[in-house]
2 protein chains.
Amino acid sequence: MRTICPPERLLLGPGPSNVHPRIYQALSSHIVGHMDPYFFEIMDETKDLLKRTFRTENELTLAISGTGMAGMEAVLCNIVEEGDEVVVCVNGFFGPRMTDIVRRLGARAVEVKEPWGKAVSLEALRDALSKCTRPKAVAVVNAETSTGVFQPLPEISRAAHERGAILVADTVTSLGGCELEVERMDIDIAYSGSQKCLNCPPGLSPITVNERAVELIRNRKTRVRSWYFDLLEILKYWSQARVYHHTAPISMVYALREALAIVEEEGLENRWIRHRRNREALEAGIEAMGLKMLAEERDKRLPTLTAVKVPKGIADTSLRKTLLDQFGIEIGGGLGELKGEILRIGTMGLNSSRRNVLLVLDALETALRKEGYGVRKGAGLQAAVASYDT
Amino acid sequence: MRTICPPERLLLGPGPSNVHPRIYQALSSHIVGHMDPYFFEIMDETKDLLKRTFRTENELTLAISGTGMAGMEAVLCNIVEEGDEVVVCVNGFFGPRMTDIVRRLGARAVEVKEPWGKAVSLEALRDALSKCTRPKAVAVVNAETSTGVFQPLPEISRAAHERGAILVADTVTSLGGCELEVERMDIDIAYSGSQKCLNCPPGLSPITVNERAVELIRNRKTRVRSWYFDLLEILKYWSQARVYHHTAPISMVYALREALAIVEEEGLENRWIRHRRNREALEAGIEAMGLKMLAEERDKRLPTLTAVKVPKGIADTSLRKTLLDQFGIEIGGGLGELKGEILRIGTMGLNSSRRNVLLVLDALETALRKEGYGVRKGAGLQAAVASYDT
């Protein structure tokens, strides 16, 4: 059979992002057994690094053996029991998924709806909470990959806690790229993905759960429906007890350890600044070409994913095809109700760089012109460079 | 931080087994997006190869984004609904896990128990089936990694079907190593793991589900409790519809494609013969050293995993430590009630070779002698070589 030899892509879509060469090296280091003393050392290093990346001391901090969506399911199925009430913030594609999971678990999901492209307001959340008898959790997406909207968490956390609910935050597109401090922001549970701002291949979901949430799990009236995602059982393997649960995805854990080491070396704050800096330049370039952002409020735009409205009369698929075929650049289209309406440009982890901002602006200009959209030559590049120089 | 540089191990335990160099290469090929046309080609190739490796035409044949245990949970949670009756064959460590999963799903698990080290008898199974009003499924482990016992499936399948139940088979340690023909043996659902006889790192679970079982899933009265493992939803992504479900673990899928290509190139029958041949030589060597197999019936011993009784008065941990520290060879100890009682030697995929049989026999002899166990020098090696020469 043919050798696997994938085309080289610059992955500036909603994720996965490109993988750091050091991470490929870790990924293809020879494996040892999942009960090997060497692997336990790597697990400990990974756990320590994860705590520092999440900014927490939570003992229940580990990587779920599945993709980001496995993390979403794992945390919800450990917390939610039949008959519980859960408030779910819905302002994009991923909120409804949480609702779906909550309902499959036999619980009541109370949705707080906002238009896609807006953050969830505190008033709407308080209103939803007031409709609950005893809300167990508030679930919210910190970085909505489908809309490019950033949802601030501290105020959501306070509102949840006032009603005795815990806060579950989807940080798939924020961990390692956006300001996120689990302990300071009083987030009870956060889950993420390996393939976004960490530049690891998809396949692992880092999670962290604080003592308040662990208490809730310990006090369940029924067993967790899922054996594979039973967090307290998984923790026995990810702690010094080392009780075998399932065969860990060794190579992916190597890769995640390396990814987190790279984050640590650069420093979290430096990364937050870098992501913000490059997003601003990208935004300046895009706006100079006359395009509009989906998220109107400037302070609610993600530093890791930029959602741009497709100009009227142009097919997003044509633009994306030009980028992919002519430039080898992948960007995303809209999901769900935004299908055909937006382009999604991810600048995550190592992909958040001056080089990539200029490359994608140049490619986008070419693609737009090909579709007959009038844009002054180099307008985007010029504005981006100007942004960097201020 | 330090570079990840794992010690080189010969992985002759219960899995993971060593990874083929070609698979490491595939694993570290640069990733593309999960909706990239190139990745769809790789998915199609993987699916075709999986069908041929499972010996089936089942449309629902794909890789679950999790380890082998994720496969177990995925198939059970799609089939089993609250109040259902499921017969679970328990003759080792992995049967009780199926029971656990079935019960977490709110169903009734009727166990067919046999001593660890024996296959499940048809009589005991029929007896259990007769205690059910309407058994929905029979769950059985084809290759019990905890005991080295091989469970023939065709007769189990007939007994299940006579009572209108489907057969769910755990083929984690058989796929690609033991005779397994899903269609000919009338197995309704089989799941496996990437890290055993396929020599891929752990992290994916190949599964196949026939039309009869798909019908059962379609006719559920309640929704599948798990969103992440909802097979009909996952199939939409693994078929031409290409509906995004979750971000596939790209690198691991590359690796699995390569692993299956290697199986295809050698030919399934050739692999079955090779595994059997090397197991026989290993067995001859072990018996020549005066050790006893756990599985008494010779025709019920796995070609992929050999469980050997630890001689009285010797600690299995000391033996394993010598093998690991002095020879860099990992073998397994006993799980659950067999803890301390047995050694488990895996000869899976590329690890099933004359070279490895000789290496592990030599190491084992040294380790045994170190513990004061009397064994004639080279007795094991001599018997193994003699076995190859017959």
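User: What makes the crossing of α11(A) past α12(A) right-handed?

Analyst: The helix α11(A) passes α12(A) in a right-handed crossing, a name used if the near helix is turned clockwise from the far one by less than a right angle, with anticlockwise giving left-handed. Both elements are DSSP runs numbered from the N terminus (helices are H or I, at least four residues; strands are E, at least two). This is a predicted model, in which local features need pLDDT of at least 70 and side-chain atom pairs count only at pLDDT 80 or more, while totals for chains, interfaces and linings use all residues. Residues are numbered from 1 along each chain as its sequence is written, and chains are lettered from A and ligands numbered from 1 in the order in which they are written.

User: How do the axes of α11 and α12 of chain A lie, and at what angle do they cross?

Analyst: Helix α11 covers residues 316–327 and helix α12 residues 354–370 of chain A; their axes come within 9 Å and cross at roughly 125°. That angle makes α11(A) oblique to α12(A), because oblique is what remains once under 35 degrees is called roughly parallel, over 145 roughly antiparallel and 65 to 115 roughly perpendicular. The axes are lines fitted to C-alpha atoms, for helices over the stretch in contact, and angles run from 0 to 180 degrees between N-to-C directions.

User: Which residues of α11(A) and α12(A) meet?

Analyst: From α11(A) come A:Leu319, A:Thr322, A:Leu323 and A:Phe327, which meet A:Ala363, A:Thr366, A:Ala367, A:Leu368 and A:Lys370 of α12(A). Contact requires that the C-beta atoms of two residues, placed from the backbone, lie within 7 Å.

User: What angle do α5 and α6 of chain B make?

Analyst: Helix α5 (residues 122–130) and helix α6 (residues 154–162) of chain B pack at about 20°, and their axes are 10 Å apart. The angle is why α5(B) is called roughly parallel to α6(B). The residues in contact are B:Leu122, B:Leu125, B:Arg126 and B:Leu129 of α5(B) with B:Glu155, B:Ile156 and B:Ala159 of α6(B). The crossing of α5(B) past α6(B) is right-handed.

User: Why does B:Ile207 count as buried?

Analyst: B:Ile207 has 28 C-beta neighbours inside 10 Å and therefore counts as buried (20 or more other C-beta atoms within 10 Å is buried, 12 or fewer exposed, in between partly exposed, with C-beta atoms placed from the backbone). B:Ile207 belongs to strand β10 (residues 205–209) of chain B.

User: Is A:Arg218 buried or exposed, and how do you know?

Analyst: A:Arg218 is exposed, because 9 other C-beta atoms lie within 10 Å. A:Arg218 is part of helix α7 (residues 211–218) of chain A.

User: What is phi at A:Asn199 and at B:Arg55?

Analyst: At A:Asn199, phi is positive, about 60°, although the residue is not a glycine; at B:Arg55, phi is near 60°, again positive in a residue other than glycine. Most residues other than glycine have a negative phi, and most peptide bonds are trans. A:Asn199 sits in the loop between β9 (189–191) and β10 (205–209) of chain A and is buried, because 27 other C-beta atoms lie within 10 Å. B:Arg55 is in the loop between α2 and β2 (60–64) of chain B, and its 17 other C-beta atoms within 10 Å are why B:Arg55 is partly exposed.

User: Where is A:Pro16 found, and is its peptide bond from A:Gly15 cis or trans?

Analyst: A:Pro16 lies in the loop between β1 (10–11) and α1 (21–27) of chain A. The bond from A:Gly15 to A:Pro16 is cis, with omega near 5°. In chain B, a cis bond likewise joins B:Gly15 and B:Pro16, with omega about 5°.

User: How many residues of chain B are in contact with chain A?

Analyst: There are 58 residues of chain B in contact with 58 of chain A. On the side of chain B that touches chain A, α9(B) gives the most, with seven residues.

User: Which residues touch the most other members of the largest nonpolar core?

Analyst: That core has 259 residues, and among those touching the most other members are A:Leu76, A:Val168 and B:Ile189. A nonpolar core is a set of buried Ala, Val, Leu, Ile, Met, Phe, Trp, Tyr and Cys residues joined through C-beta atoms within 7 Å.
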